[in-house]
Amino acid sequence: MEIKHHLEQNLRHLHLSGMTENLDLRISQATEGRLGYVEFLSLVIQDEMESRNHNRFQKILKAASFGNERTFEEFDFR
């Protein structure tokens with residue numbers, strides 16, 4: 001698996017952590033014959049996009065500084 005190790009290093013170097021996280025799953029799907037080249041590439045790109053969207057959302061939530069969660073019963077409507 002020298003190629004896989006090299007691929008993981010390159011993905012990390014390019015800051016593509018979403019692809020790196022699911023690489024084992026996608027490789028196993030491809031080797032089992034369930035994914036062709038185009039499907040494999042499409043899924044690893046989709047994995048990266050989902051990871052970036054999740055990270056962006058988490059940063060926005062953190063920057064919003066909402067504080068503690070509240071229920072309707074606890075909210076002060078004044």
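Mentor: The discussion below sets values against cut-offs, first for the chain and then for single residues. Please keep in mind that this is a predicted model.

Trainee: Which elements make up the protein chain, and in what order do the elements run?

Mentor: The protein chain has 4 helices and 0 strands. From the N terminus on, the order is α-α-α-α.

Trainee: What makes the protein chain more spread out than a compact globule?

Mentor: The radius of gyration is 19 Å, whereas the globule rule gives 12 Å for 78 residues. The value is well over that figure, so the chain is described as more spread out than a compact globule. Along the principal axes, the C-alpha atoms fill a box of roughly 60 × 25 × 20 Å.

Trainee: How much of the protein chain is buried, and what is its accessible surface?

Mentor: Of the 78 residues, 21% are buried. The accessible surface comes to about 7,000 Å², and carbon and sulfur atoms account for 57% of this surface.

Trainee: Why is Arg-26 called buried?

Mentor: Buried means under 20% relative accessible area. Arg-26 has 12%, therefore Arg-26 is buried. This residue belongs to helix α3, which covers residues 23-31.

Trainee: Which residues does Arg-26 touch, leaving aside those up to four places away in sequence?

Mentor: Arg-26 touches Leu-35, Phe-40, Leu-43, Val-44 and Asp-47.

Trainee: What makes the link between the side chains of Arg-26 and Gln-29 a polar contact?

Mentor: The distance is 3.0 Å, and the cut-off requires a pair of N or O atoms within 3.5 Å. The side chains of Arg-26 and Gln-29 are accordingly described as joined by a polar contact.

Trainee: Is His-15 buried or exposed, and how do you know?

Mentor: Exposed means over 50% relative accessible area. His-15 has 65%, so His-15 counts as exposed. His-15 lies in the loop between α1 (2-13) and α2 (17-21). Its phi is near 60 degrees, a positive value in a residue other than glycine.

Trainee: Why does Ile-45 count as partly exposed?

Mentor: The term applies between the buried limit of 20% and the exposed limit of 50%. Ile-45 has 35% relative accessibility, so Ile-45 counts as partly exposed. Its place is in helix α4, residues 37-64.

Trainee: Which residues form a nonpolar patch with Ile-45?

Mentor: Leu-41 and Met-49 form the surface patch with Ile-45, and the accessible area of these residues together is about 280 Å².

Technical notes: Residues are numbered from 1 along each chain as its sequence is written. This is a predicted model: local features need pLDDT of at least 70, side-chain atom pairs count only at pLDDT 80 or more; totals for chains, interfaces and linings use all residues. Side-chain values use heavy atoms; hydrogens and water are left out. Patches are made of residues with over 30% relative accessible area and no salt bridge: like charges are joined within 9 Å, nonpolar side chains (Val, Leu, Ile, Met, Phe, Trp, Tyr) within 5 Å. Accessible areas come from the Shrake-Rupley method with a 1.4 Å probe; for residues, only the protein chains shown count as cover. A salt bridge is a side-chain nitrogen of Lys or Arg within 4 Å of a carboxyl oxygen of Asp or Glu. Helices (H or I, at least four residues) and strands (E, at least two) are DSSP runs, numbered from the N terminus. Buried means under 20% relative accessible area, exposed over 50%, partly exposed in between (1.4 Å probe, protein chains only). The radius of gyration is taken over C-alpha atoms; the globule rule is 2.2 Å times the number of residues to the power 0.38. A polar contact is a pair of N or O atoms within 3.5 Å; within protein, one must be able to donate a hydrogen and the other to accept it, and residues adjacent in sequence count only if both atoms are side-chain atoms. Contact means heavy atoms within 4.5 Å.
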